[in-house]
Amino acid sequence: MFDLTGFQRDLLYVIAGLDEPHGLAIKDELEDYYEKEIHHGRLYPNLDTLVEKGLVDKGTLDRRTNYYALTRRGQREINARDEWEAQYISL
């Protein structure tokens with residue numbers, strides 16, 4: 001996960017938290033968090049990067065809509081990141 005941008009990490013966390021979200025659902029979640037508009041030109045290339053890295057699977061809901069799901073590797077990366085952060089953050 002060290003080679004991902006902060007935005008790509010946020011994408012992973014959003015995908016992990018939703019049940020097979022489609023692009024617009026992911027976009028809406030991030031816009032709520034960032035409190036600004038996320039452009040398609042930023043969202044979809046970063047989703048494609050996560051797919052290429054094997055962290056996310058991409059499937060088809062219908063002709064116009066794709067869904068995204070975390071792969072096992074993606075879940076392992078999130079778990080490893082959580083463990084690493086827990087070393088430094090005490091709640």
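Student: Where is the place of Phe7?

Tutor: Phe7 sits in helix H1, which covers residues 6–17. Keep in mind that this is a predicted model.

Student: And what makes Phe7 count as buried?

Tutor: Buried means under 20% relative accessible area. Phe7 comes in at 5%, so Phe7 counts as buried.

Student: Which residues does Phe7 touch, not counting those up to four places away in sequence?

Tutor: Leu30, Tyr34, Ile38, Arg42, Leu43 and Asn46. For contact you need heavy atoms within 4.5 Å. Leu30 belongs to the H2 side of the meeting between H2 and H3, and Leu43 to the H3 side.

Student: How do H2 and H3 pack, then?

Tutor: H2 is residues 23–34 and H3 is residues 40–52; their axes lie 11 Å apart, at an angle of about 115 degrees. The crossing is right-handed.

Student: Which residues in H2 and H3 meet?

Tutor: From H2 you get Gly23, Leu24, Ile26, Lys27 and Leu30; from H3, His40, Leu43, Tyr44 and Leu47. Sorted by class, the contact has 6 nonpolar, 2 polar and 1 charged residues.

Student: Lys27 is on that list. Why is Lys27 called buried?

Tutor: Same test as before: the cut-off is under 20%. Lys27, in helix H2, has a relative accessible area of 9%, so the label is buried. Leaving aside neighbours within four places in sequence, Lys27 is in contact with Glu37, Ile38, His40 and Leu43.

Student: What about Glu31: how do you know that Glu31 counts as buried?

Tutor: Glu31 is another residue of helix H2. Its relative accessibility is 18%, and with the line drawn at under 20%, Glu31 therefore counts as buried. Beyond residues up to four places away in sequence, Glu31 touches Lys36, Glu37 and Ile38.

Student: Is Glu35 buried or exposed?

Tutor: Exposed. That word takes a value over 50%, and Glu35 has a relative accessible area of 73%, so Glu35 qualifies. You'll find Glu35 in the loop between H2 and H3.

Student: What is the phi of Glu35?

Tutor: Positive, at about 60 degrees, although Glu35 is not a glycine. Most residues other than glycine have a negative phi.

Student: Let's go to Ala69. Where is Ala69, and what is Ala69 in contact with?

Tutor: Ala69 is in strand E2, residues 65–70. Setting aside neighbours within four places in sequence, its contacts are Ile15, Glu20, Leu55, Val56 and Asp57. Ala69 and Asp19 are 50 residues apart in sequence, with their C-alpha atoms 7.7 Å apart in space.

Student: Stepping back, how do the elements of the protein chain run?

Tutor: From the N terminus on, the order is α-α-α-β-β-α. That comes to 4 helices and 2 strands.

Terms used: Residues are numbered from 1 along each chain as its sequence is written. This is a predicted model: local features need pLDDT of at least 70, side-chain atom pairs count only at pLDDT 80 or more; totals for chains, interfaces and linings use all residues. Side-chain values use heavy atoms; hydrogens and water are left out. Axes are lines fitted to C-alpha atoms, for helices over the stretch in contact, and angles run from 0 to 180 degrees between N-to-C directions. A crossing is left-handed if the near helix is turned anticlockwise from the far one by less than a right angle, and right-handed if clockwise. Ala, Val, Leu, Ile, Met, Phe, Trp, Tyr, Cys and Pro count as nonpolar, Asp, Glu, Lys and Arg as charged, and the others, Gly among them, as polar. Buried means under 20% relative accessible area, exposed over 50%, partly exposed in between (1.4 Å probe, protein chains only).
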